[in-house]
Amino acid sequence: DEEGNRTSAAREIADGFDEVMIDEYQDSNFVQEDILPAVSHIDDGMDNYFCVGDVKQSIYRFRQARPDLFMEKYRAYAAGIGGRRIDLHQNFRSRPEILDGTNTIFRSIMRQEVGDIDYDDDAALEEGNRTVRLLNALGQEDHQIEVDVVDAHLSKEDKQDMGSDADDFKKNMLEAQIVATRIKDMVGKYTVEETKDGVVTTRPLTYGVVVIIMRSTRDWVTTFKKVLESQDIPCIAEQKKGFFSA
């Protein structure tokens, strides 16, 4: 109600839920923060309220999201005030070299004054899956991660050398060409080793093993597909443009 107390309607609705579970909690706002606890049983002494989120992934402040709501609980729960905090460290999606590289970069650039949280040991990702390894031509596990910096600005000389192609030049095309070259360098020279139920199998690295992850597919996936196919690299891509063009 106007004084912030639960109404009889909220109590009636709460009786219909065994649990109230909230995803992407870092993007909640004050309206959700009023409604969701009201339809739980927190005020009745039964904690059936669970939320999961990552403030490092908060992207909706322009929609009035309040990541500070997340951080208040993040700090309070760590001290045992108001609830229990469970840190989800283990990552089962990425190989250790990806996680090591990510942790190294994020420890250097993520600070509380910039993103509301320090990238410390509590935030760092730990490897949770060791069933698949990538071996190089020498049969050694390859732990390298590359960070390629692309300068997409063309000089006047570059434009003159490219001629009519300069008008069609795009940053995403340049990145796609770099990715295509790297894929061709790896396929046939690396081996995938997989352990399942204690049995180790190996197979050559093929195009079908490679995945390209993009921040957004819009204006990128079509260019990447075109460049990859021009390099005789087969690929499958989800295109969200018109039905007939897709």
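Biologist: Which residues form the largest nonpolar core?

Modeller: A nonpolar core is a set of buried nonpolar residues joined through side-chain atoms within 4.5 Å. In this predicted model, the largest such core has ten residues: Val20, Ile22, Tyr25, Tyr49, Val55, Leu69, Phe70, Met71, Tyr74 and Ile117.

Biologist: Which elements give two or more residues to this core?

Modeller: They are strand 1 (20-22) and helix 3 (67-78). Helix 3 supplies the largest share, four residues.

Biologist: What does phenylalanine 70 touch, leaving aside residues up to four places away in sequence?

Modeller: Contact here means heavy atoms within 4.5 Å. By that criterion, phenylalanine 70 touches Tyr25, Gln26, Gly53, Asp54 and Val55.

Biologist: Let us turn to the strands. How many bridges join strand 5 to strand 6?

Modeller: Two strands count as paired if DSSP finds at least two bridges between them. Strand 5 (residues 132-135) and strand 6 (residues 191-196) are joined by four bridges and run antiparallel. Within this pairing, leucine 134 has valine 192 of strand 6 as its bridge partner.

Biologist: How do strand 6 and strand 7 run, parallel or antiparallel?

Modeller: They run antiparallel, with six bridges joining strand 6 to strand 7 (residues 199-204). Threonine 191, for instance, has proline 204 in strand 7 as its bridge partner.

Biologist: Which residue in the hairpin of strand 6 and strand 7 takes a positive phi?

Modeller: Aspartate 197 does, with a phi near 55°, in a hairpin that has two residues between the strands.

Definitions and conventions
Residues are numbered from 1 along each chain as its sequence is written. This is a predicted model: local features need pLDDT of at least 70, side-chain atom pairs count only at pLDDT 80 or more; totals for chains, interfaces and linings use all residues. Side-chain values use heavy atoms; hydrogens and water are left out. Buried means under 20% relative accessible area, exposed over 50%, partly exposed in between (1.4 Å probe, protein chains only).
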